[in-house]
Amino acid sequence: MAYVLRFVQRYLPERREAFMKVEAKFADLERRRNDFPKGRRSQPYAGREPSHTLIWESEFPTLSEAQAALSRISVDPEHEALFQEQAPYMTESYTEINEILDSLAG
């Protein structure tokens, strides 16, 4: 079974530019480092989440790999420094791990 690690971050709408500048640094971190999970970023256009929400997600083949990635991220000093830079712009942040239900298809 595959799993998706997902970070959902709501930010102050008036601080979007500053928030996204730091987010670009996170994207650069992912590109530079082979030990970091590569994520896809999206922002709601329509739906339950407000448009001033950033969603980062990455897929893993197993739950243990998703958990290992989360652990690696949580102890990384470079990631922590960027999070501390970005946190003042956030109003809410949470993490999800979702199971992909491919077994239900066909």
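A nonpolar core is a set of buried Ala, Val, Leu, Ile, Met, Phe, Trp, Tyr and Cys residues joined through side-chain atoms within 4.5 Å, where buried means under 20% relative accessible area, exposed means over 50%, and partly exposed lies in between (1.4 Å probe, protein chains only). The views below come from a predicted model, in which local features need pLDDT of at least 70 and side-chain atom pairs count only at pLDDT 80 or more, while totals for chains, interfaces and linings use all residues. Residues are numbered from 1 along each chain as its sequence is written, and side-chain values use heavy atoms, with hydrogens and water left out.

**View 1. The largest nonpolar core and the residues around Tyr89.**
The largest nonpolar core has 19 residues, and those with the most contacts inside it are Leu5, Phe7, Phe19, Val22, Phe60, Leu82 and Tyr89. Two or more residues of this core are given by each of strand S1 (3-11), helix H1 (16-32), strand S3 (53-60) and helix H2 (63-74), with H1 giving the most, five residues. Helices (H or I, at least four residues) and strands (E, at least two) are DSSP runs, numbered from the N terminus. In soluble globular proteins, nonpolar side chains tend to be buried together. When residues up to four places away in sequence are not counted, Tyr89 touches Arg10, Tyr11, Leu12, Arg15, Ala18, Phe19 and Val22, a contact being heavy atoms within 4.5 Å.

**View 2**
Four strands form an open sheet in the order S2-S3-S1-S4, with antiparallel pairing; two strands pair if DSSP finds at least two bridges between them. Its edge strands, each of which pairs on one side only, are S2 (40-42) and S4 (90-99), and the twist averages 15° from one strand to the next. S1 pairs with S4 in the antiparallel sense over nine bridges, and with S3 in the antiparallel sense over eight bridges. Tyr3 stands opposite Glu99 in S4, and the bridge partner of Tyr3 in S3 is Phe60, while Phe7 stands opposite Thr95 in S4. Because eight of the nine residues of S1 are buried, this strand is largely enclosed by the rest of the structure.

Arg40 lies in strand S2 and, at 57% relative accessibility, counts as exposed. Leaving aside its neighbours within four places in sequence, Arg40 is in contact with Ile55, Trp56 and Glu57. The C-alpha atoms of Arg40 and Ile55 are 8.0 Å apart in space, and the two residues are 15 residues apart in sequence.

**View 2. Helices H1 and H2 against the sheet.**
H1 lies across S1, S2, S3 and S4, running at about 155° to S1, whereas H2 packs on the sheet by touching S1, S3 and S4, its direction making about 40° with that of S1. Axes are lines fitted to C-alpha atoms, for helices over the stretch in contact, and angles run from 0 to 180 degrees between N-to-C directions. The buried residues of H1 are Ala18, Phe19, Val22, Glu23, Phe26, Ala27, Leu29 and Glu30, and what covers them includes S1, S2, S3, H3 and S4. The 17 residues of H1 should span 24 Å at 1.5 Å a residue, which agrees with its end C-alpha atoms being 24 Å apart; the expected span is 1.5 Å times one less than the number of residues in the helix.

A search of the whole structure finds 15 salt bridges, each defined as a side-chain nitrogen of Lys or Arg within 4 Å of a carboxyl oxygen of Asp or Glu. The side chains of Glu17 and Lys21 meet in one of them (3.8 Å, N to O); both residues lie in H1, four residues apart, about one turn of the helix, and both are exposed. Lys25 forms a salt bridge with Glu85, the closest N and O atoms being 2.8 Å apart, and this pair links distant parts of the chain, with Lys25 in H1 and Glu85 in helix H3 (residues 77-86), 60 residues apart. Lys25 counts as partly exposed at 40% relative accessibility, as does Glu85 at 33%.

**View 3. A network of linked charges.**
Asp28, Arg32, Arg33, Asp35, Asp76 and Glu78 are linked in a network of salt bridges. Within this group, Asp35 forms a salt bridge with Arg33, the closest N and O atoms being 2.8 Å apart. Asp35 is partly exposed, with a relative accessible area of 37%, whereas Arg33 counts as buried at 15% relative accessibility.
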